[in-house]
Amino acid sequence: MHTVIQQNALNLDNPQDRARLVARIQHDVDQACREEFAEDARTHLGASIIGHDCAAYSWNTFRWLKFEKFDGRMLRLFNRGHEEEARFIRWLTLAGFEVRDVDPSTGKQFRIVGSKGHFGGSLDSMIKPPARYGLPDLLIWLGEFKTHNEKSFAKLKKDGVGKSKPQHFKQMCSYGRAYQFKYGLYCAVNKNTDELYFEIVVLDYRQADDLFRKADDIVFSRIRPPKIAQVATYFECKYCDFSGICHEGEVPTKNCRSCKHAVPIDNAEWFCELYSPERGPLPKEFIPEGCDDWRAIG
C-alpha cells in the first residue's frame, strides 16, 4: 500500500522538497518491483544452479534452508534477463533463423526432468540456422540467451563461455544431453552497450551425465554435501546468503523441506516419516509451513 502525500505538502520550487519526492518515487518503484517480480521459491533443483562450484549451496537452495531475498534492483536485473529472451528471438528471426521457444505439446517451454522430478530446467529455445550457411538441413542448435555487465562481457569475449561462465556451459550441456543436441548457440548481450556476442558451443555429454548424477546426490542426500570452504572469509562464502547457516550455526528457515523427517519421492512429491505413513505424500500447500515436529536437517 502506498502512503498518500497530502495535497500541497510539498513545494516543488524547494530543492529539499524535490529531493524528498524523488526519494519517495525511488522507494515506491522499488516496492512495486518487489511485488511484481518476486517469485515463489523454486520447488525443483534447477539446471541453472546444479553447476555451482559449491554443492552445499545447491543443497541448501533445494532444501529451502533459507529463502534468498532480493531488493528491487536485483529483481529488475533478473526480469531484464527474462525480457532479453524475446529480443534475441526477434533478432535471430529477422536474420533468417527459425527459433522455437515453446513446446507445442504443452504450450510451455521445453523442459528437462530428472531425480524423480526434483531436478529440471527450461530451455530458452531450439534454433535452426538459415540455409544460406550451407549446414545440414536437419541441424538444430540449442539456444541459450544471457545478459552480462561490462566486466563479465569483456571476460566472455576474451575467454569464451566454457572458461568465463562454466555454470552457463554446464547448464547448456545438461539441456543438450537430454535433447541430443551436439551444438548450442550461446547468445549474450552487454547490458551497458547492447553489444552482442555469439558462440557455437560443442556440448559435452560427459559433463551432462556428471551433472545428472550430481543432482541425484544432492536431491536424495539427508546431510549437507561438502562446503566449498571451511571458513566464512572465503570469497564466495562472504557474499553467500547461506554463509550464516554453513559457518555460524544459523538456524534454517522452518518448513517441511528443511526438516530431517522429509524425503523427496517420485513425481516431485515429498514424504514425511511422521505424517506420510498414515496420510500419504505431503500436501504442497503445507510444505512451506512445516509443523511443530520440525527438526532442522543438516
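How many bridges join β1 to strand β4 (residues 119-122)? Two bridges join these strands, which run parallel. This is a predicted model, in which local features need pLDDT of at least 70 and side-chain atom pairs count only at pLDDT 80 or more, while totals for chains, interfaces and linings use all residues. Residues are numbered from 1 along each chain as its sequence is written, and side-chain values use heavy atoms, with hydrogens and water left out. Helices (H or I, at least four residues) and strands (E, at least two) are DSSP runs numbered from the N terminus.

**The open sheet**

- Three strands form an open sheet in the order β1-β4-β3, with mixed pairing; two strands pair if DSSP finds at least two bridges between them.
- Because β1 and β3 (111-114) stand at the edges with a single partner strand each, one side of each is left without a neighbour in the sheet.
- L45 stands opposite F119 in β4.
- Helix α6 (residues 166-179) lies across β3 and β4 and runs at about 90° to β3. Such axes are lines fitted to C-alpha atoms, for helices over the stretch in contact, and the angles run from 0 to 180 degrees between N-to-C directions.

- I50 is placed in the loop between β1 (45-46) and α2 (55-62).
- The relative accessibility of I50 is 0%, so this residue counts as buried. Buried means under 20% relative accessible area, exposed over 50%, and partly exposed in between (1.4 Å probe, protein chains only).
- Apart from its neighbours within four places in sequence, I50 is in contact with L45, S58, F119, L211, K214, A215 and I218, where contact means heavy atoms within 4.5 Å.
- A distance of 30 Å separates the C-alpha atoms of I50 and T193, which are 143 residues apart along the chain.

**Surroundings of S243**

- S243 belongs to helix α9 (residues 243-247) and is buried, with a relative accessible area of 12%.
- A polar atom of the S243 side chain lies 3.4 Å from the backbone oxygen of C237. A polar contact is a pair of N or O atoms within 3.5 Å; within protein, one must be able to donate a hydrogen and the other to accept it, and residues adjacent in sequence count only if both atoms are side-chain atoms.
- Leaving aside neighbours within four places in sequence, S243 is in contact with A232, C237 and E248.

**Aromatic pairs**

- Rings of Phe, Tyr and Trp (its six-membered ring) pair if their centres lie within 6.5 Å; planes under 30 degrees apart count as stacked, over 60 as edge-to-face and the rest as tilted.
- By this rule the count is 12 aromatic pairs.
- One of these is the edge-to-face pair of F153 and Y197, at 6.5 Å centre to centre with 85° between the planes.
- This pair links distant parts of the chain, with F153 in helix α4 (residues 150-159) and Y197 in strand β8 (residues 196-202), 44 residues apart.
- F153 is buried, with a relative accessible area of 1%, and Y197 is buried at 13%.
- Y179 and F181 form a stacked pair, 6.2 Å centre to centre with 20° between the planes.
- Y179 is partly exposed, with a relative accessible area of 27%, whereas F181 is buried at 7%.
- F88, W91 and F145 are linked into a cluster by ring pairs.

**R257 over two rings**

- The charged end of R257 sits over the ring of F62, 4.7 Å from its centre.
- R257 also lies over the face of W64, at 4.4 Å from the ring centre.
- A charge sits over a ring if NZ of Lys or CZ of Arg is within 6 Å of the ring centre and within 35 degrees of the ring normal.
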